[in-house]
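Biologist: I have a structure to go through with you. Could we begin with the strands and then turn to the overall fold and the chain contact?

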Amino acid sequence: MNISYYPGCTLKNNAKNFEDSTLCALAKLGLEVKELDRWNCCGTVFSLATDDLMHHLAPIRNLVRSKEAGSDTVLTLCAMCYNTLKRANEKVKADPDSLEKINDFMDREKVKYAGDVRVLHLLEVLRDEVTFPAIAKKVQRRPRGLRVANYYGCLLVRPKGIGLDDMENPVVLEDLMSALGVESVEFPYKTECCGAYQTVDQPDTVAERTYHIITSARRQGADLVTVSCPLCAFNLDFRQTGAARLFQDFQAMPVVYFTQLLALSLGCPEEAQRFDLHQVDPRPVLKAKGYL
Amino acid sequence: MRTHISQKKIRDDFVRKVEELSGQKLLVCYQCGKCSAGCPQVGQMDILPNQVIRLAQLGQKEDLVASKTIWVCASCLTCNVRCPKGVKIAEVMEAVRQVVLRKRKDRVRIEELTPEQRASVPPIALIASFRKSTS
């Protein structure tokens, strides 16, 4: 399988910890991926208006880049990129008229897009291609009694037909954590919205969401929250300041990408973790549990 | 809230536009309220999601375009996947937002964000915010 890697905007700065930990873990698993040349922004959100073909152009152009690279599979890490690329792909596959219009508009592209690229999220590749038992065999380091609350957010699991697992009770992260020897707690807030982009103009709304999500994780006995979306990661980590201001009983909790735990388990060096990018430092918990 | 219902409003261009932009048949909704029951943002809303659909059916444009609700909805799609009638409520919210935005009435004004505000959030947040809240 020839896999192209599509990073997206935030993996190259705020979420460098997501990218670095993933690339190290993939190398340890012997899975080779090549970053797409000249990739562009996916638009981050799939346009929900019926007449808005223009906004599907950016994701489709990235699929053209994948064809140019001779690859039939695009790998995404960010949940928003995954959702936007996959939905745009499914839309043009189901609607040849819109695909023709988009191809006509991109008449300077050497490759015409034919709907023949697969968009996969890293979790799908780990679950279906690498498989969790194979990952378990490569684990070098196991924590002692680490309990996590796995937070999926919206776009990994919705809408139906796009999401990579059950919409109401996804378990793919729990299964991966089991393979790593990490215990997952029951977490009723695992697919509740964090407020997403409203963090720009309504930060306190997002701080309130963060309060409820993190507090639920704490009540369930979790030591930290795992995420797979850079926007969820930012909101749940950095909006804890606002949550503490709004709610006196709020207690901080570290938020990590699931790939950071995967990388730790597979023996990646601490440089691949970029803990400097976190607001709530996960190191004390990880050290206490013998993971660092 | 006092609502004046008339044939004129129901047959108004607004109802047709919302149905067209959202791709939804508004009268399919039978007001069970499941969308409002599961919405994680409902505590911030001035009109509940099921009320948005009801007001749209009745062509109550003024109430909808002035509502806080359409900007509080972040398209998490919880309502869409739970609706027993298959109505895509988030698409209706998007349609009402588009009715406002296409009059060049931006909700988030980029020039009013301070450099500190812009630098304090990741690019993924800014791009999504501008895509959802500006024309």
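**Strand pairing in chain A**

Modeller: In this predicted model, V148(A) has S184(A) as its bridge partner in β6(A).

Biologist: In which sense do strand β5 and strand β6 of chain A pair, parallel or antiparallel?

Modeller: Strand β5 (residues 147–150) of chain A and strand β6 (residues 183–184) of chain A are paired in the parallel sense, over two bridges.

Biologist: Through which helix does the chain cross from β5(A) to β6(A)?

Modeller: The chain passes through helix α7 (residues 172–180) of chain A, and this β-α-β crossover is right-handed.

Biologist: And what stands opposite V148(A) in β7(A)?

Modeller: That residue is L224(A). β5(A) pairs with strand β7 (residues 224–227) of chain A in the parallel sense, over three bridges.

Biologist: Changing topic: how many helices and strands does chain A have?

Modeller: Chain A has 12 helices and eight strands. Its radius of gyration is 19 Å, close to the 19 Å that the globule rule gives for 292 residues, so chain A is as compact as a globular protein of that length.

Biologist: What share of the residues of chain A count as buried?

Modeller: Of the 292 residues, 53% count as buried.

Definitions and conventions:
Residues numbered from 1 in each chain as written. Chains lettered and ligands numbered in written order. Predicted model: local features only at pLDDT ≥ 70, side-chain atom pairs only at ≥ 80, totals over all residues. Pairing = 2+ DSSP bridges. Helix = DSSP H or I, 4+ residues; strand = E, 2+ residues; numbered from the N terminus. Right-handed = clockwise from strand over helix to strand, strands pointing away. Rg over C-alpha atoms; globule rule 2.2 N^0.38 Å. Buried ≥ 20, exposed ≤ 12 C-beta atoms within 10 Å, placed from the backbone.
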